[in-house]
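Subject: A structure for you to look at

Hi,

Please open it first and keep it beside you while you read.

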Amino acid sequence: MKQGLIIIDVQNDYFDNGNMTLVNTKIALQNTLALQTFFRSQNKPIFYIQHVNVRQGATFFKPNTPGINIHSRLLPIKVENNEVIIRKHYPNSFKDTTLQTELSRANIEQVVICGMMSHMCVDSTTRQAAELGYQPILIADACATRDLTFQSITVKAEQVQIAFMSALANFSDVYNTQQFMAINN
């Protein structure tokens with residue numbers, strides 16, 4: 001079964017000094033880099049999702065700002081190795097983008113997903129990938145999120161992460177980076 005790696009929104013605004021700093025971005029980035037290296041070593045395609053927020057009043061991922069740039073440690077994108085950047089404007093990486101076309105072009109049957117934010121774009125994209133029949137695999141320790149507040153109660157990022165990974169286990173297989181690489185080596 002041909003796999004492709006989808007790296008969602010690993011962009012400057014989510015890191016220190018960004019406009020929407022997340023928790024554990026350094027760990028998620030390290031694991032994303034390991035996945036990138038692993039997929040490159042096997043000549044498997046990588047799809048980088050880049051969110052550009054065009055909504056009025058957006059506070060992060062604003063067009064023409066450094067915050068929308070893919071994190072420099074993931075660069076350069078190796079187009080000659082079937083690596084592409086896909087821009088999106090919604091949490092779901094499939095909505096109004098070329099992602100599904102690119103997956104079809106590369107004959108991808110299964111997607112491996114990592115990125116940011118677990119509770120938003122990773123969640124939305126993983127569910128859509130399952131509904132489209134891509135049998136997603138989600139790499140939990142290569143994802144990051146943030147504290148969330150609901151009705152004056154703050155839920156810490158660690159708990160948000162656990163809640164979303166456990167919920168997404170109903171739509172995908174969920175592994176950590178080392179588990180995934182051991183199974184797929």
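First, the ground rules. This is a predicted model, in which local features need pLDDT of at least 70 and side-chain atom pairs count only at pLDDT 80 or more, while totals for chains, interfaces and linings use all residues. Residues are numbered from 1 along each chain as its sequence is written, and side-chain values use heavy atoms, with hydrogens and water left out. Helices (H or I, at least four residues) and strands (E, at least two) are DSSP runs, numbered from the N terminus.

Six of its six residues are buried, so strand 2 is largely enclosed by the rest of the structure. Here buried means under 20% relative accessible area, exposed over 50%, and partly exposed in between (1.4 Å probe, protein chains only). Ile46, Tyr48 and Gln50 point one way from the strand, while Phe47, Ile49 and His51 point the other way.

With strand 1 (residues 3-8) it pairs in the parallel sense over four bridges, and Leu5 has Ile46 as its bridge partner. Six bridges join strand 2 to strand 3 (residues 83-88), again running parallel, and Phe47 stands opposite Val84 there. Strand 1, helix 1 and strand 2 form a right-handed β-α-β unit; right-handed means that, with the strands pointing away from the viewer, the path from the first strand over the helix to the second runs clockwise.

Now turn to strand 5 (residues 137-144). Seven of its eight residues are buried, so this strand too is largely enclosed by the rest of the structure. Strand 4 (residues 110-116) runs parallel to strand 5 and is joined to it by four bridges, with Val112 and Ile137 as bridge partners. The chain crosses from strand 4 through helix 3 to strand 5, and this β-α-β crossover is right-handed. Strand 5 also pairs with strand 8 (residues 173-175) in the parallel sense, over three bridges, and Ile139 stands opposite Tyr175.

How do helix 3 (residues 118-131) and helix 4 (residues 157-168) cross, and within what distance do their axes come? The axes come within 11 Å and cross at roughly 5°. They are lines fitted to C-alpha atoms over the stretch in contact, with angles from 0 to 180 degrees between N-to-C directions. Helix 3 and helix 4 are therefore roughly parallel to each other (under 35 degrees; over 145 is roughly antiparallel, 65 to 115 roughly perpendicular and the rest oblique).

In helix 1 (residues 25-41) you will find Thr25, which is buried at a relative accessible area of 5%. Not counting residues up to four places away in sequence, Thr25 touches Tyr14, Phe15, Met116 and Ala144, with contact meaning heavy atoms within 4.5 Å.

Finally, some backbone details. Cis peptide bonds join Leu75 and Pro76, with omega about 0°, and Met116 and Met117, with omega about -15°. Pro76 is in the loop between strand 2 and strand 3, whereas Met117 lies in the loop between strand 4 and helix 3. Asn24 has a positive phi, near 65°, and is partly exposed at 49%.

Best wishes

Methods:
Pairing = 2+ DSSP bridges.
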